[in-house]
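Colleague: I would like to learn how to read the features of a model like this one. Could we go through it together, one topic at a time?

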Amino acid sequence: METGFDITAAWALILAVAVYIYVVLDGFDLGIGILYPLFPGKRDRDLLMNTVAPVWDGNETWLVLGGGGLFAAFPLAYAILMPAVYPLVIAMLLGLVFRGVAFEFRWKATGPFSNWLWDTAFFGGSFIAAMSQGMILGAILQGIEIADRSYAGGWWDWLTPFTLLCGAAVVCGYMLLGACWLNIKTSGDVQVEARRLARILGIATVGFIVAVSLWTPFLHPEYLGRWFAWPAIAVTAPVPIAVALLIYALARSLTEGESDWRPFLLVLALFLLCFIGLGISMWPWVIPTQLSIWDAATARKSQIFMLVGVLFILPIILGYTAYAYWVFRGKVDPDEGYH
Amino acid sequence: MEVTTFLGLDAVMLARMQFAFTVSFHFLFPAFTIGLASYLAVLNAMYLRSGNDAYLQLFKYWLKIFAITFAMGVVSGIVMAYQFGTNWAVFSDKAGPVIGPLMAYEVLTAFFLEAGFLGIMIFGRDKVGPGLHMFACVMVALGTAISATWILSVNSWMQTPQGFEINENGQFIPLSWLEVIFTPSFPYRLAHTLTAAYLTTAFIVGGVGALHLLRGERDNHGVRTMFSMAMWMAAIVAPIQIFLGDQHGLNTLKHQPVKVMAMEGHFESHPDGAPLILFGIPDQEAGEVKYAVQIPKLSSLILKHDLNAPLDGLDSVPDELEPPVAVVFWAFRIMVGIGFLMLGVGVWSLIARYRHRLYDDHWLHRAALIMGPSGLIAVLAGWFTTEVGRQPYTVYGHLLTQESSSPLEAQAVGISLLAFIVIYSSVFGAGIVYMLKLMNKSPHPGERGLDAEPGPIRTASPIAVGADRKHPNGKRN
């Protein structure tokens, strides 16, 4: 680079942060949608819905920033990736359509059929969106065929056992986030049930993390070198060790239950470590072993123009987002809104 | 890659249909919410200023409709954000460096703003105090307008591109951001579109007011207020819009003359004064408008302010660079026709008002009711005029639509198109039914907002159950 500051790397970091924020924020509200069938009572479902209704829209906006940011900062990667995972993106979008409208339509429904319809839309949409997101992640990790600045594979290439595993892992992880969120926002029976589910989902999520982590290095020789060759292993080894410590802390906080917030925060930390792990595998590829972030980067003038906006506006966004969460803080009262 | 087809259509045609379908559906929601968000902010301000409960009633009444529309706008908008990549990958690669940042700014400055303050606007009246609640309403309204500004900047650049160079990969590289954002058509397009959104909302609100007046709710203060406010908007804004439309047309003539030729149905050049073709059936292959009803020289007068000014026709353009004339010709006429009908209703309301018969003139109410959804139709017709009219280009004069699409099989695009049609029609169809149900009831004293009905309600505080249950400290216990 001509200057000391690598603006392309900065953009990769910004995008990674945006995607992480998306995963943890929309993760818990998608997770609540997926947990719906486990809470069959109408009253409980109303309560579940109310824990996220004032904030889901803001949460989902981070997905637009993720997609829009990829388009803006790495247009070539966006142009190759989207056709490569075409059916998954369409499925995710349609899933989000169903669950997004369910927030409003559910309360307008009169009669058992339309009640059932929008409850199912909320669950089904959340599940499909989460599954698609996990499979898109898997498809990126396993690699995408490129020729002459465009996607060159078939339109079913994304469907492999590995992507299915990643999809299931994300569904399970989102459910865990959702259960931990319910532990914060509810009380009584619902909280007890959420805590019980969180323990089971915690174990399952750890299982998925282990499975994905063990499988990933064998997708590409390059990944394998990152994780198991000396001296790289000295840098990467602390990651699984930190994961193990977090799991222990999570298990303790869920059984003792002395703090409503702690399990949620520990899961956020767990997801952050998974992200760092993904970063170690993928850096500096945006499409592994085919397209580096520098190959895919947009014009420098575009990067600088946007960086100014991000540096000034993102802190403001984080500020009013935090304020909105603060306004709606506290446990949701199941009896409110029905008198 | 070999060309595949689905139901006889190739992938590019299917991608165009998919884009047209998803964007048309999406556009209806912001066209309504841009105006409605401002209307809600105005109602809330008037309530805070006057303490008059009628404004609060109306605020709560329209807020319920706003929440549904907004949710549909959000989810259909997320689809748009990803469509550039799924179906228009080559366009994304090439135009990304120019339009990507503009769209990123839309997310940063508008989407987050709307989403961040929407929860407070809808559920927070008694949680944050009147000042902050008013602030949230203004932020949501501002967000919708900022969003429109950025997206119209993107669209205007695609229509009248400038401020770039093309690199060795065929990518458009920005040279001057000011030139990219402020292209020659941008101010006209922005003013014309925002005004269209306000008119659209005015006519929906007026239509609902008219419905309840026709049902005999002459003495319902909320109904009177909404009808009166809407008719003021129609009377003031419709003539402004016709003026803006004319200016936009002149700007298009300057920068995209071929589009105007299609709008006017001018297949032939007219060296000494072109007629205005009112109606007729454009036949692109024959290169003429059949059964044309026309007024001699008027087109030259409108477009050039000179009866004898020469105007070029589509015969001056190679066939492969002509847009589909019939669609543009008809869409344009529908838009203009509705614009003048709106003006008619506005003027009629002024006369009725002058005669103190605004709430008694049932023929005016019938007209306003029929015109209720007209703004939505005009907005779509306008959109078709400008978008189909710029064909065969995605980036006008530089990148052909044919060369912009993703390397996809027709089957993939076709199946997803069918999925969009089925799901959008049923999901948004249901939403429209729910909205009509809400509109079918009239606003009432003690109107309960979203926060008091079985519906999304928030945290465990004893507050927030509408104006009829005031709580002393507005804080949670």
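Colleague: How far apart do the C-alpha centres of domain 1 of chain B and domain 2 of chain B lie?

Modeller: Domain bounds come from an automatic or database domain assignment. Here domain 1 of chain B covers 33-183 + 408-450, and domain 2 covers 201-386. Their C-alpha centres are 25 Å apart. Keep in mind that this is a predicted model, in which local features need pLDDT of at least 70, side-chain atom pairs count only at pLDDT 80 or more, and totals for chains, interfaces and linings use all residues. Residues are numbered from 1 along each chain as its sequence is written, chains are lettered from A and ligands numbered from 1 in the order in which they are written, and side-chain values use heavy atoms, with hydrogens and water left out.

Colleague: How many residues of domain 1 of chain B are in contact with domain 2 of chain B, and how much area do the two bury between them?

Modeller: Contact means heavy atoms within 4.5 Å. By that rule, 22 residues of domain 1 of chain B touch 20 residues of domain 2 of chain B. Buried area is the accessible area (1.4 Å probe) that two parts lose on being put together, summed over both. For these two domains of chain B it is about 1500 Å², with 65% on carbon and sulfur atoms. On the domain 1 side, B:Y39, B:W62 and B:Q159 lose the most area to domain 2 of chain B, together 29% of what that side buries.

Colleague: Now the two chains. How many residues meet there?

Modeller: In this case 72 residues of chain A are in contact with 88 residues of chain B. The two chains bury about 7000 Å² between them, 73% of it on carbon and sulfur atoms. In chain A, the residues that lose the most area to chain B are A:F71, A:Y86 and A:F305, together 10% of what that side buries.

Colleague: How should I read the salt bridges?

Modeller: Side chains of opposite charge can pair when their charged atoms come close. The rule asks for a side-chain nitrogen of Lys or Arg within 4 Å of a carboxyl oxygen of Asp or Glu. It finds 15 salt bridges over all chains. Between chain A and chain B the count is 1: B:D93 pairs with A:R149 at 3.0 Å, N to O. Across the domain interface of chain B the count is 0.

Colleague: Which elements hold the partners A:R99 and A:E60?

Modeller: These two form a salt bridge, their closest N and O atoms being 2.7 Å apart. A:R99 is in helix α5 of chain A and A:E60 in helix α3 of chain A, 39 residues apart, a link between distant parts of the chain.

Colleague: And the backbone: where are the cis peptide bonds of A:P284 and B:P392?

Modeller: One joins A:W283 and A:P284, with omega about -5 degrees, and A:P284 lies in the loop between α12 (262-282) and β3 (285-287) of chain A. Another runs from B:Q391 to B:P392, with omega near 10 degrees; B:P392 is in the loop between α13 (374-389) and β7 (393-395) of chain B.

Key:
Helix = DSSP H or I, 4+ residues; strand = E, 2+ residues; numbered from the N terminus.
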